[in-house]
Amino acid sequence: MNSQLENDLDPTPLVEALIEKTRAGKLKWEATAAPNTYITSVGGNTTLEIDDDEYLTLSLTDSQGKTFMVISTSEAPGLRVLARLARRIANKVDERMQALIEVVQKL
Amino acid sequence: MQAVIDSHAVTEFLRSIAGSAWFTIAAGIAGLFGLLFSILAWMQAKSASAAAESARKAITIRTLADEFQLACERMDQLLDFIEHDRFAEAALRARELASALGEIPYRREPLLAQDNVDELLNKRTQIEIIGKVLMSTNRGEPLSPEAKKRLFARGQDTTAALRKNLGIIKGEIDRGAKQ
């Protein structure tokens with residue numbers, strides 16, 4: 001245990017797992033009242049919040065509202081991919097684009 | 001008038017009837033009745049225990065419905081405050097709501113499916129973010145029409161989700177009442 005604590009915690013596996021599950025449609029990202037902030041909750045006990053306003057960060061909050069970890073792009077570069085996917089899902093870009101294609105084709 | 005019981009005579013009497021077929025039959029019937037009453041008592045106890053459990057669950061569901069009802073009313077007030085630019089009051093409501101919604105999934109987890117718990121956690125975070133945006137207006141930062149529209153939209157999403165959960169819980173109460 002001590003030997004593990006000597007190294008910095010690597011958030012990359014978590015971010016990669018989140019990217020994979022987001023691509024699989026398992027994570028339902030939602031837009032919020034703050035621009036460029038997207039949230040989703042998993043496992044009935046953790047809320048993930050991507051804040052892409054000034055700096056891109058991923059915050060992990062427990063079921064009682066306490067933020068227990070904040071991950072930045074310097075720790076996990078994959079966060080940019082996750083943020084892009086979250087924005088796409090939260091803003092329903094795919095559905096809107098499909099609807100737009102159908103409208104344009106009818107012109 | 002002192003009754004003297006001759007123990008020897010009693011023993012002889014019992015020995016004489018114990019050997020008879022009638023005694024064996026009577027003892028067998030009494031044993032069967034004993035068994036029957038024991039089974040009936042066990043069934044009654046089991047039924048009473050199930051009724052008590054069912055009543056406890058019904059009370060918990062009703063309390064949960066009341067909590068959701070109150071959250072829906074507070075959410076309506078929050079939207080009303082936002083609509084009328086009363087941001088300080090709206091921020092206060094947002095804080096109350098975030099606190100209430102943080103507690104519900106934590107305390108009522110056994111009654112809610114994981115998807116509902118996740119949805120409530122999302123809504124709690126949505127309201128916290130609404131609160132932060134409202135607090136920024138209290139610090140003198142103006143709220144653009146676009147930001148107000150965004151606040152209102154997220155608030156309406158949250159109201160819809162709370163009302164959906166309230167509907168599910170009320171459905172559960174109705175089903176319980178019909179049974």
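**Terms and their grounds**

Q: Why are helix 2 of chain A and helix 3 of chain A called roughly parallel to each other?
A: Helix 2 of chain A and helix 3 of chain A are roughly parallel to each other because angles under 35 degrees count as such, and the axes of helix 2 (residues 12–23) and helix 3 (residues 79–90) of chain A cross at roughly 25 degrees while coming within 9 Å. This is a predicted model, in which local features need pLDDT of at least 70, side-chain atom pairs count only at pLDDT 80 or more, and totals for chains, interfaces and linings use all residues. Residues are numbered from 1 along each chain as its sequence is written, with chains lettered from A in the order in which they are written.

Q: Which residues meet where helix 2 of chain A touches helix 3 of chain A?
A: Residues are in contact if their C-beta atoms, placed from the backbone, lie within 7 Å, and Val15(A), Leu18(A) and Ile19(A) are among those of helix 2 that meet residues of helix 3 including Leu82(A), Leu85(A) and Ile89(A). The residues of this contact divide into 9 nonpolar, 1 polar and 1 charged.

Q: What makes up the side of chain A that touches chain B?
A: In this contact, 16 residues of chain A face 19 residues of chain B. Strand 2 (37–42) and strand 3 (46–51) of chain A each give two or more residues, and the largest share, 5 residues, comes from strand 2 of chain A. This side of chain A divides into 4 nonpolar, 10 polar and 2 charged residues.

Technical notes. Axes are lines fitted to C-alpha atoms, for helices over the stretch in contact, and angles run from 0 to 180 degrees between N-to-C directions. Helices (H or I, at least four residues) and strands (E, at least two) are DSSP runs, numbered from the N terminus. Angles under 35 degrees count as roughly parallel, over 145 as roughly antiparallel, 65 to 115 as roughly perpendicular and the rest as oblique. Two residues are in contact if their C-beta atoms, placed from the backbone, lie within 7 Å. Ala, Val, Leu, Ile, Met, Phe, Trp, Tyr, Cys and Pro count as nonpolar, Asp, Glu, Lys and Arg as charged, and the others, Gly among them, as polar.
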